[in-house]
Amino acid sequence: MSKQVDVVVAGGGGFIGGHLVGDLLAQGLTVRSIDIKPRHEWYQVHQDAENVIADLSLPDSAREGVRGAGQVYMLAADMGGMGFIENNKAACMMSVLTSTHMLKEAHEAGVERYFYSSSACVYAADKQTDPNVTALREEDAYPAQPEDGYGWEKLFSERMCRHYAEDYGFVTRVARYHNVYGPHGTWTGGREKAPAAVCRKVAEAVFSGDHEIEIWGDGEQSRSFMYIDDCLHGSQMIMAGDSGVPVNLGSSELVTINQLVDIVEQIAGIRCKRSYRLDAPQGVRGRNSDNTLIREIHGWEPSIALADGLERTYAWVYDQVKRSHQ
């Protein structure tokens, strides 16, 4: 890994990373895509990228990973949907090794710009107790009371980026992602997020003829969901911008999980009987993205409608379910 590259994508074998590598390559950039997973588990493998399997939680691997890079997108993390992060807090917090070593080595290697993908899980739980939640502004992350495990790691790593900028003049950029979804993501196995899980359950109902599906909680918990194309555009815009403060990157279209199911059912053309599992992990009661700051700084906010994004996502998940039945 000694050659020069325009961009390193840490976590390039993951859902967002795979899409980002493809988008950067399409712009004519040279890209090194790094992931800890074996190649056959990468969501997308782009042959024009320098594809590397490495454990970036190790200092030597992180140092080699960023060598010769102009910019670094740090997306690597051990994460999943609410069921995973509520039951794997230690594993989620161990991502701090990857976040810290990548930041340190990128600075020492002379990387020009460094992007860190934070999360809406940094926000204080007491501001997210009602489905009709007031959208979260960036300052609502303090006093700190983030999601236990995963959220604490994200908030700590945000501050590491801030202090590297303050103490060393290192150019860091931080985006707080709000529930990114789309094709080529996790759709089964326990790490999938709500949009993919609902698409899978409805698609399986189509194939099986059993139109009863399980919903975690009472379905009235609310969220906003951002389609992958908006995430790619926003991440690169924030990386190229002048502001180093953490900024929300999410849709402000708030829906309940029941409304999310309504949309997917309409796309699939069926109606399902819903079985509510009240003891399942649900996360906070309500969460939405206040996009005032991103509009002020960048004059833009995510705008792809949930119904449009879900139509594309359901089509992809439907194909995966179809293959699993062949």
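Predicted model: local features only at pLDDT ≥ 70, side-chain atom pairs only at ≥ 80, totals over all residues.
Local features were considered at pLDDT of at least 70 and side-chain atom pairs only at pLDDT 80 or more, whereas totals for chains, interfaces and linings use all residues. Residues are numbered from 1 along each chain as its sequence is written, and side-chain values use heavy atoms, with hydrogens and water left out.

Helices (H or I, at least four residues) and strands (E, at least two) are DSSP runs numbered from the N terminus. Helix H1 comprises the 12 residues 15-26, which at 1.5 Å a residue should span 16 Å, in agreement with the 17 Å between its end C-alpha atoms; the expected span is 1.5 Å times one less than the number of residues. Buried denotes under 20% relative accessible area, exposed over 50%, and partly exposed in between (1.4 Å probe, protein chains only). Because nine of the 12 residues of H1 are buried, this helix is largely enclosed by the rest of the structure. The buried residues, among them Phe15, Ile16, His19 and Leu24, pack against strands S1 (5-10), S2 (31-35), S4 (69-74), S6 (172-177) and S7 (180-181) and against helix H8 (228-240), contact being defined as heavy atoms within 4.5 Å. Just after H1, Gly28 adopts a positive phi of about 90 degrees.

With a salt bridge defined as a side-chain nitrogen of Lys or Arg within 4 Å of a carboxyl oxygen of Asp or Glu, the count comes to 23. Lys37 pairs in this way with Asp35, with the closest N and O atoms 3.0 Å apart, and Asp35 counts as buried at 6% relative accessibility. In helix H5 (residues 95-108), Glu108 and Lys104 are four residues apart and thus separated by about one helical turn; their salt bridge has a closest N and O separation of 3.3 Å. Glu108 is exposed, with a relative accessible area of 52%, while Lys104 is partly exposed at 32%. Both residues belong to a salt-bridge network that also links Asp60, Arg63 and Glu105.

Glu153 lies in helix H6 (residues 150-168) and is buried yet without a salt bridge, the nearest side chain of opposite charge, that of Lys154, being 4.6 Å away; here Lys and Arg count as positive and Asp and Glu as negative, with His and the chain ends not counted. Residues up to four places away in sequence being set aside, Glu153 touches Cys92, Met93, Ser95, Val96, Ser99 and Tyr116.
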